[in-house]
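Biologist: Can you put the model up? I'd like to go through some details with you.

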Amino acid sequence: MIDYDLLANALSAPREGDSKHEHAKGVKAVTKAARQAAIDKAITLRDIDVYLIHSTPSTQLLAKYRSYGARIVTVDPGMDVVMERAKRLRPYWMQPVIKKWYAERGAKTIGAPAKPLTRTQRGLGTAHDHQRTRLLVAHVDGTLCWWCNEPMYRDDARNFDQAGLEADHSIARSQGGTVADRLLHRRCNRSRQGGNRDHLRPALEGASAPLTTRQWL
Ligand SMILES: [Zn+2]
C-alpha cells in the first residue's frame, strides 16, 4: 500500500502524541519523491496487488492510472464518519475540503458499479479456448515467456505461478488483435493487460528478473 501519510510519518522523527497529519516542508518534499518512486516501481510488478491511496486525484491522473490497468475504488464511509474522524485526527482546515468534496460528489449521479464483461463479450469465448488448445499442442516445453523470460511448461506445476499457460494476443485486443498467437504464463498474461505496459515487462529488466520456480516456492 502506498499512502502519503504513512510514508511521511515513516520519514519523520518520532513525535509525542497522535499524528495530526501535518508535516514539515522537508518531510513533504522527500515524501513526495519517495511516493512517486514507489508508484513507478509498483507499476512494473506482476505478482502483487498494489493499493495507492489518493484523496483527491484529478481526472487526468485517474485516466493515467486507468491506462496502466488500475482499478479505481472509491472508499467512502459517508460524510458524517469522515467529518468525525477529521475533527479528531486532521488539521481544522480539512473540514471545508471534505464538505466541498461531498458537495461536488453529490452533484454527480453515483450509479452501481458496472458489471464486468463476460468472457465472450471480452472476445475470449469458445474460439479463443480452441486457439489456446492449438497453441498448447504446438508448444515446446521450456520455451521462454515473452513477458518474463522464464520457461513455460504444459504442466501447470512446473510454471513459476503454478498455473496453466494462457493464450495471448501479441497485438493486444485493445489494438485490434483478434487471434491469440502465443502463450504466456497466466500471471504474465494478466500483468500485460491492454498492452500499454509492454515496455515495462520484466524480460527487459535483467536486474529484477522474476522469481524462478524454486525461489517462488
Ligand atoms: Zn512469464
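Biologist: Setting aside neighbours within four places in sequence, what is Leu 183 in contact with?

Modeller: Leu 183 is in contact with Arg 132, Leu 135, Leu 136, His 139, Met 152, Leu 165, Glu 166 and Ala 167. Contact means heavy atoms within 4.5 Å. This is a predicted model, where local features need pLDDT of at least 70 and side-chain atom pairs count only at pLDDT 80 or more, while totals for chains, interfaces and linings use all residues. Residues are numbered from 1 along each chain as its sequence is written, and side-chain values use heavy atoms, with hydrogens and water left out.

Biologist: His 139 is on that list. Where is His 139 found?

Modeller: His 139 is in the loop between helix 6 and strand 1. Helices (H or I, at least four residues) and strands (E, at least two) are DSSP runs, numbered from the N terminus.

Biologist: Is His 139 buried or exposed?

Modeller: His 139 is buried, at a relative accessible area of 9%. Buried means under 20% relative accessible area, exposed over 50%, and partly exposed in between, with a 1.4 Å probe and protein chains only.

Biologist: How far apart are His 139 and Leu 183?

Modeller: They are 44 residues apart in sequence and 8.1 Å apart in space, C-alpha to C-alpha. Beyond four places in sequence, His 139 also contacts Met 152, Tyr 153, Arg 154 and Leu 165.

Biologist: Now the largest nonpolar core. Which of its residues touch the most other members?

Modeller: Leu 135, Cys 145, Trp 147, Cys 148, Leu 165, Leu 183 and Cys 188, out of 13 residues in that core. Helix 6 (126-138) and strand 2 (182-184) are the elements that give two or more residues to this core. A nonpolar core is a set of buried Ala, Val, Leu, Ile, Met, Phe, Trp, Tyr and Cys residues joined through side-chain atoms within 4.5 Å.

Biologist: What coordinates the zinc ion?

Modeller: Cys 145 (SG), Cys 148 (SG), His 185 (ND1) and Cys 188 (SG) do, at 2.1 to 2.4 Å. Donors are N, O and S atoms within 2.8 Å of the metal (3.2 Å for Na, K and Ca); water is not among the atoms, so sites may look incomplete.

Biologist: Why call the arrangement tetrahedral?

Modeller: Because the four donor atoms subtend angles of 97 to 118° around the zinc ion. Four donors count as tetrahedral if all angles lie between 85 and 135 degrees.

Biologist: How are the donor residues spaced in sequence?

Modeller: The spacing is C-x2-C-x36-H-x2-C. Cys 148, in the loop between helix 6 and strand 1 (166-168), and Cys 188, in helix 7 (residues 186-192), link distant parts of the chain, 40 residues apart. Both Cys 148 and Cys 188 are buried.

Biologist: Back to helix 6. Which of its residues are buried?

Modeller: His 128, Gln 131, Leu 135 and Leu 136. Seen down the axis of helix 6, its buried residues fall within an arc of 140°, so they line one face. That arc is taken from the directions from the helix axis to the C-beta atoms.

Biologist: What covers that buried set, and what is on the other side?

Modeller: The cover includes strand 1 and strand 2. On the other side of helix 6, Thr 126, Ala 127, Arg 134 and Val 137 are exposed.

Biologist: Switching to helix 2. Which residues are buried there?

Modeller: Val 27, Thr 31, Arg 35, Ile 39 and Ala 42. They fall within an arc of 95° seen down the axis of helix 2, so they line one face. Helix 1 (4-10) and helix 3 (59-67) are among what covers them. On the other side, Lys 25, Ala 29 and Lys 32 are exposed.

Biologist: Where is Asn 149, and where is Gln 162?

Modeller: Asn 149 is in the loop between helix 6 and strand 1. Gln 162 is placed in the loop between helix 6 and strand 1 too. Asn 149 is partly exposed at 42% relative accessibility, and Gln 162 is partly exposed at 37%.

Notes
Tetrahedral: all angles 85-135°; square planar, octahedral: opposite > 155°, others 65-115°.
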